[in-house]
Amino acid sequence: MPLYQYKARSPAGHIKTGEMQAKSKAVVRGQLRRMRLAPYSVSEVVEGKQGVSLGLDWFYYRDKKGGVQLRFGYQFPKLRDLSVFSRQFSSMLMSGIPMMKCLEVLHENQGLFDFKKSIQDTITKVEQGQSLSEAINDFPHIYPPLYRSMIKAGEQSGELDKMMRKLSEHLEKTSKIISKTKSALAYPVAVTVLSIAILIGMLVYIVPVFAQQYADAGQELPALTQFVIDVSNAIREHYILITASCIAMVIMTNLYLKTKDGKYRKDKAMLKIPKIGDLIRKTIIARFCYSMSTMLSSGVNMIESLKVSTTGLNNVIVESFLEKVTKKVSEGMELSTCLKERDDIFPIMATSMIEVGERSGSIDTMLEKVAQIYEEEVEEAVKALLALIEPATIVLIGSMVGFIVLALYLPIFDMGNLVGN
């Protein structure tokens with residue numbers, strides 16, 4: 001329950017201040033009046049934004065014991081957190097527990113601060129007469145569009161408990177798909193970072209030792225050896241400038257990728273990368289079909305389902321295409337016909353199955369089957385990608401180390417040849 005600071009006037013005219021735990025400011029004011037105090041001001045003791053450090057917002061807040069705590073960044077829920085929240089909510093509703101009591105229990109047991117704060121604000125809004133779907137609409141950073149739309153559909157159908165269960169299952173499936181894709185893409189990134197670290201370590205710590213020995217010997221060095229030594233000297237002498245340039249390049253790249261043109265070019269390039277592009281495409285199809293299936297089976301109309309399922313796919317190429325599909329479907333065209341226009345995004349197998357679903361009147365069931373097929377293909381693609389990357393990693397790191405070792409030992413080989421002659 002939130003903590004409030006108050007300032008009030010007593011019947012004798014004295015100003016009193018203090019703190020009180022309550023569900024809302026209105027409850028605090030009512031309690032003060034029952035204590036025969038006239039409230040001047042009531043403010044919630046929540047975390048207060050103080051500034052930005054290293055790109056992270058930092059906050060202070062009161063813990064349960066009243067102590068002031070400091071933390072960095074926000075604590076928004078991930079898909080898995082929302083899935084657990086929805087499953088618990090559904091279980092309590094199915095057990096006959098009133099919705100307000102469910103929200104209070106979920107609020108007390110929530111560990112993520114910003115998520116917990118949104119639940120408390122939702123409770124306040126519902127107490128003031130808003131529906132649950134209206135209350136959570138004020139927190140788009142917490143609840144994605146699909147979530148808000150399905151809650152609204154659940155309230156309208158009177159089956160909020162079943163809708164929460166469907167949401168939980170959908171979020172769990174989506175979370176698994178995203179997790180598998182990230183694990184596959186994280187591997188090459190980690191390998192690249194490791195390779196660069198090994199290369200820099202050898203240039204900074206090992207090459208100078210050999211360079212000093214060759215300098216003392218006064219030996220003329222081969223061009224390859226001299227090149228490696230020159231690179232090593234440049235890194236050691238200008239490491240501040242090089243580091244600053246790298247940081248500036250990363251920042252500028254990130255800023256560019258946030259622009260419309262940057263996102264378009266990045267997403268287009270990602271889809272064209274061998275193996276990785278295929279994995280991303282299959283992930284998008286699985287997520288899109290799961291969203292469409294869940295919403296259509298919940299009674300949401302086709303156009304609204306398309307609008308919601310198009311958001312959050314994290315690829316502007318696909319999202320732009322699906323927005324055009326939504327417009328064409330709203331004009332009377334069939335979904336499968338529109339999707340066939342881009343077989344490089346939606347393969348023939350997927351569009352054919354969707355077409356069968358449209359003809360048989362069971363498009364929601366068919367979309368779920370398509371999603372299941374592509375979820376399995378995502379798993380296979382991840383395994384295949386990892387199996388390809390592991391030997392490539394060994395070859396890459398071995399080649400880098402071998403190149404530097406060869407460059408360092410060339411003068412020794414030349415010296416051995418002179419002695420032999």
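This is a predicted model: local features need pLDDT of at least 70, side-chain atom pairs count only at pLDDT 80 or more; totals for chains, interfaces and linings use all residues.
Biologist: By class, how many nonpolar, polar and charged residues make the contact of H11 with H12?

Modeller: Helix H11 (residues 276-297) and helix H12 (residues 302-310) pack with their axes 9 Å apart, at an angle of about 145°. The residues in contact are Phe288, Ser291, Met292, Met295 and Leu296 on H11, together with Met302, Ser305, Leu306, Val308 and Ser309 on H12. Sorted by class, that gives 7 nonpolar, 3 polar and no charged residues.

Biologist: Is lysine 282, which forms a salt bridge with aspartate 278, buried or exposed?

Modeller: The closest N and O atoms of lysine 282 and aspartate 278 are 3.1 Å apart, and because the two residues are 4 apart in helix H11, about one helical turn separates them. Aspartate 278 counts as partly exposed at 32% relative accessibility. Buried means under 20% relative accessible area, and lysine 282, with 16%, is therefore buried.

Biologist: Which parts of the chain does the salt bridge of lysine 173 with glutamate 368 link?

Modeller: In this pair the closest N and O atoms are 3.7 Å apart, and both lysine 173, at 25% relative accessibility, and glutamate 368, at 31%, count as partly exposed. The two residues lie 195 residues apart, in distant parts of the chain, namely helix H7 (residues 160-217) and helix H16 (residues 363-420).

Biologist: Where does lysine 340, the salt-bridge partner of glutamate 355, lie?

Modeller: The closest N and O atoms of lysine 340 and glutamate 355 are 2.8 Å apart. Glutamate 355 is in helix H15, so the pair ties together parts that are 15 residues apart in sequence, with lysine 340 in the loop between helix H14 (335-339) and helix H15 (348-360).

Notes. Residues are numbered from 1 along each chain as its sequence is written. Side-chain values use heavy atoms; hydrogens and water are left out. Axes are lines fitted to C-alpha atoms, for helices over the stretch in contact, and angles run from 0 to 180 degrees between N-to-C directions. Contact means heavy atoms within 4.5 Å. Ala, Val, Leu, Ile, Met, Phe, Trp, Tyr, Cys and Pro count as nonpolar, Asp, Glu, Lys and Arg as charged, and the others, Gly among them, as polar. A salt bridge is a side-chain nitrogen of Lys or Arg within 4 Å of a carboxyl oxygen of Asp or Glu. Buried means under 20% relative accessible area, exposed over 50%, partly exposed in between (1.4 Å probe, protein chains only).
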